[in-house]
Amino acid sequence: MFTGTLPFNARRAEIPYIALAPMEGLMDGVFRELLTAVGGIDHCVTEFIRVTQQVFPEKVFYRLCPELYNGGRTKAGTPVHVQLLGSNPELMAGNAAKAAKLGALAIDLNFGCPAKTVNRSQGGAVLLQYPDLLNQIATAVRQAVPSHIPVSAKMRLGFKDKTLALENAAALEAGGIQWLTVHARTKTEGYKPPAYWSWIAEIRKKVAIPVLANGEIWTPAQAEQCQRESNSDLLMIGRGLVATPDLGRIIKEPGYEPMSWQQHLELMVTMADQLPHLTDKQLTDRLKQWLHYFSMHSAEIKAVFEQVKRERERAPFFAALADLSN
Ligand SMILES: Cc1cc2nc3c(=O)[nH]c(=O)nc-3n(C[C@H](O)[C@H](O)[C@H](O)COP(=O)(O)O)c2cc1C
């Protein structure tokens with residue numbers, strides 16, 4: 001029996017709750033630090049820890065979730081939940097217990113990853129074909145984690161089709177999880193728009209636990225439409241927050257003045273400062289990845305991206321970006 005409190009309870013009515021989505025290879029501790037400092041984000045989820053054969057040593061958890069050194073929160077104070085991916089209930093439970101012992105504020109179970117290597121080793125979205133197994137994993141993890149620490153799950157609408165969407169959600173709820181996040185597409189639908197938000201409303205009718213709606217929220221208008229169609233004001237946003245770091249504030253704060261290009265640039269400089277160990281090539285690759293997202297909403301930034309996309313050295317890279325501010 002869960003004895004803790006849910007993060008959504010402290011929320012002010014009328015203002016949507018916004019979680020930052022887990023994004024493997026992109027949304028690490030440095031990025032979470034930067035985005036939560038901008039504001040408007042209620043919780044984050046780590047990249048997944050892939051559980052296959054063992055209960056990991058502590059260093060693995062600290063590497064994926066450096067916030068564990070800080071009580072499980074980013075410096076801005078935003079809670080970070082530890083995500084596990086795998087199919088073996090006992091091993092998932094053992095790793096969940098370990099994460100909880102290290103101070104994880106919540107444990108999230110990944111049933112959405114479409115990657116072939118992950119699915120081949122029976123983890124992620126492939127498990128959406130087996131509601132009983134989802135239930136066993138959730139049950140084992142819930143039992144292994146202290147009763148005040150929430151356990152949640154993140155699923156897609158299905159593997160190849162959506163026929164098991166409601167059954168999977170119910171199986172996870174019966175396993176004792178505290179909330180469910182739904183990326184409103186099947187594994188086969190990948191990342192191709194649209195996201196089928198109205199399916200989330202169907203899932204909400206089926207289960208009593210809170211449901212976070214996820215997929216294709218890039219603008220305040222889409223956030224509103226998603227809330228309407230999913231019948232949920234609990235949102236999770238991934239790529240939209242990479243492209244628009246202050247999207248959470250734009251959505252939540254009427255009259256908020258969106259960040260200027262200069263402020264975007266300052267964020268990139270801060271990221272560079274946080275990554276002194278990277279070579280120039282590694283750093284510029286990483287910043288280009290981010291710039292590519294920024295360029296989605298500005299022809300001017302797109303032009304700069306084209307200009308710097310072959311640049312491998314940090315100084316000329318930043319010089320070209322600074323030009324855009326003038
Ligand atoms: C690069 C990348 C990595 C991702 N890694 C994870 C992950 O580790 N765990 C997970 O549950 N979802 C992962 N996802 C899925 C996202 O959390 C989210 O469900 C998806 O991007 C849809 O939301 P969005 O349209 O707001 O980005 C990843 C998505 C992307 C683009």
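These legends describe close-up views of one predicted model.

**View 1. Cysteines without partners.**
The whole structure holds zero disulfides. A disulfide is a covalent bond between the sulfur atoms of two cysteines. To count here, two cysteine sulfur atoms must lie within 2.5 Å. Take Cys-113: the closest cysteine sulfur belongs to Cys-65 and is 19 Å away, so the gap is too far for a bond. Cys-226 is in no disulfide either, as its nearest cysteine sulfur, in Cys-44, is 19 Å away.

**View 2. Two cysteines, buried or exposed?**
Cys-113 has 11% relative accessibility, so it counts as buried. The cut-off for buried is under 20% relative accessible area. Cys-226 is buried too, with a relative accessible area of 0%.

**View 3. The largest pocket.**
This pocket holds about 600 Å³ of space. Its lining is made of 32 residues, and those closest to the centre are Pro-22, Met-23, Glu-24, Lys-154 and Tyr-191. Both helices and strands contribute: α4 (116-120), β6 (151-158), β7 (179-186), β9 (234-237) and α9 (239-243) each give two or more residues. By type, the lining has 15 nonpolar, nine polar and eight charged residues.

**View 4. The second largest pocket.**
Here the volume is about 230 Å³. The lining has 15 residues. Nearest the centre lie Thr-5, Arg-73, Pro-79, His-81 and Leu-105. Nine lining residues are nonpolar, four are polar and two are charged.

**View 5. The largest cavity.**
The structure has one cavity of 30 Å³ or more. The largest cavity holds about 30 Å³ of space. Which residues line the largest cavity? They are His-43, Val-45, His-81, Asp-108, Ser-152, Trp-179, Thr-181 and Met-236. Strands β2 (43-45) and β7 each supply at least two of the lining residues. The lining divides into three nonpolar, four polar and one charged. His-81 lines this cavity, and His-81 also lies among the residues nearest the centre of the second largest pocket.

**View 6. Helix α3 and its cover.**
Helix α3 runs over residues 89-101, which makes 13 residues. At 1.5 Å a residue, the helix should span 18 Å, and its end C-alpha atoms are 18 Å apart, so the two values agree. Which residues of α3 are buried? They are Pro-89, Leu-91, Met-92, Ala-93, Asn-95, Ala-96, Ala-99 and Ala-100.

Note on methods
Residues numbered from 1 in each chain as written. Predicted model: local features only at pLDDT ≥ 70, side-chain atom pairs only at ≥ 80, totals over all residues. Heavy atoms only, no water. Buried < 20%, exposed > 50% of the residue type's maximum accessible area, 1.4 Å probe, protein only. 1 Å grid on protein atoms, 1.4 Å probe; cavity = no way out; pocket = protein on both sides within 12 Å on 5 of 7 lines; lining within 4 Å. Points joined across faces, edges and corners; volume = space filled by probe spheres on them. Helix = DSSP H or I, 4+ residues; strand = E, 2+ residues; numbered from the N terminus. Nonpolar A, V, L, I, M, F, W, Y, C, P; charged D, E, K, R; others polar. Expected span 1.5 Å × (residues − 1).
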